[in-house]
Amino acid sequence: MAFSRAKMSPNPQTDGLVTGRSRRSQGTVQTLPEFDTYPVPKWLRFLISAQRLSITVTVLLTVAVFGVYSWTVYAQEAWNKQYRKLEELKRHERNLTATEGLLEHSLIRDAQRNSNQRLVRETPEQSIFLQSAPRRSLAQPSEATREDLGVPFEPLGY
């Protein structure tokens, strides 16, 4: 593989080769003027600040929408979980009620088999009502009594 001298040359313009640039563009490179050199019109400043404000508002609203959406999804999942738990508790309640009825029925049937009498429901006339005892005041033991017994005072709770 032999390379020509023109392709190996570090400066193709010195060898007379024409590249993508024309000979006219070999002049000096001009830099853009500084931003503060030319005054920016007030309407353009207003549009730039309005754009910055709208970008900020858009980002904040997007974050708020995602927050509300995630809270809604979380609340719905929590509600579904609690609803399933409620339905399960209702099912257990129905099973316990049915089991209680079966046990009561079997107890009554066994009691009737063991005794020759029939069971009769209780009526208020068959009930015995007792009078409550008169109220007594609670006497608090004095500190001297506690000390005499050799029991130190300790609080009973918080």
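Which helix of the chain has the lowest confidence, and which the highest? In this predicted model, helix H1 (residues 5–8) has the lowest confidence, at a mean of 48, and H2 the highest, at 94. The confidence score, pLDDT, is the predictor's confidence in each residue, from 0 to 100.

**Before starting**

Residues are numbered from 1 along each chain as its sequence is written. Because the model is predicted, local features need pLDDT of at least 70 and side-chain atom pairs count only at pLDDT 80 or more, while totals for chains, interfaces and linings use all residues; side-chain values use heavy atoms, with hydrogens and water left out.

**Stop 1: the whole chain**

Helices (H or I, at least four residues) and strands (E, at least two) are DSSP runs, numbered from the N terminus. Of the 158 residues, 1% are buried; buried means under 20% relative accessible area, exposed over 50%, and partly exposed in between (1.4 Å probe, protein chains only). The accessible surface comes to about 16,700 Å², and 60% of that belongs to carbon and sulfur atoms. Such areas come from the Shrake-Rupley method with a 1.4 Å probe, and for residues only the protein chains shown count as cover. The mean pLDDT is 80, with 68% of the residues reaching 70 or more.

**Stop 2: residues 3–7**

Select residues 3–7, where pLDDT stays under 50. The model has four contacts beyond four places in sequence for this stretch, a contact being heavy atoms within 4.5 Å. Where pLDDT is low, the predicted coordinates should not be read in detail.

**Stop 3: Trp 43 and its patch**

Next, select Trp 43, which lies in helix H2 (residues 42–114). Trp 43 is exposed, at a relative accessible area of 56%. Together with Leu 44, Phe 46, Leu 47 and Ile 48, Trp 43 makes a nonpolar surface patch of about 520 Å². Patches are made of residues with over 30% relative accessible area and no salt bridge; like charges are joined within 9 Å, and nonpolar side chains (Val, Leu, Ile, Met, Phe, Trp, Tyr) within 5 Å.

**Stop 4: Trp 79 and Tyr 83**

The whole structure holds one aromatic pair. Trp 79 and Tyr 83 form this pair, which is stacked, at 5.2 Å centre to centre and 10 degrees between the planes. Rings of Phe, Tyr and Trp (its six-membered ring) pair if their centres lie within 6.5 Å; planes under 30 degrees apart count as stacked, over 60 as edge-to-face and the rest as tilted. Both residues lie in helix H2, four residues apart, about one turn of the helix. Trp 79 is exposed, at 52%, whereas Tyr 83 is partly exposed, at 41%.

**Stop 5: Asp 110 and Arg 113**

Finally, select Asp 110 and Arg 113, which form a salt bridge with their closest N and O atoms 4.0 Å apart. A salt bridge is a side-chain nitrogen of Lys or Arg within 4 Å of a carboxyl oxygen of Asp or Glu. The two residues are three apart in helix H2, so about one helical turn separates them. Asp 110 is partly exposed, at 35%, and Arg 113 is exposed, at 60%.
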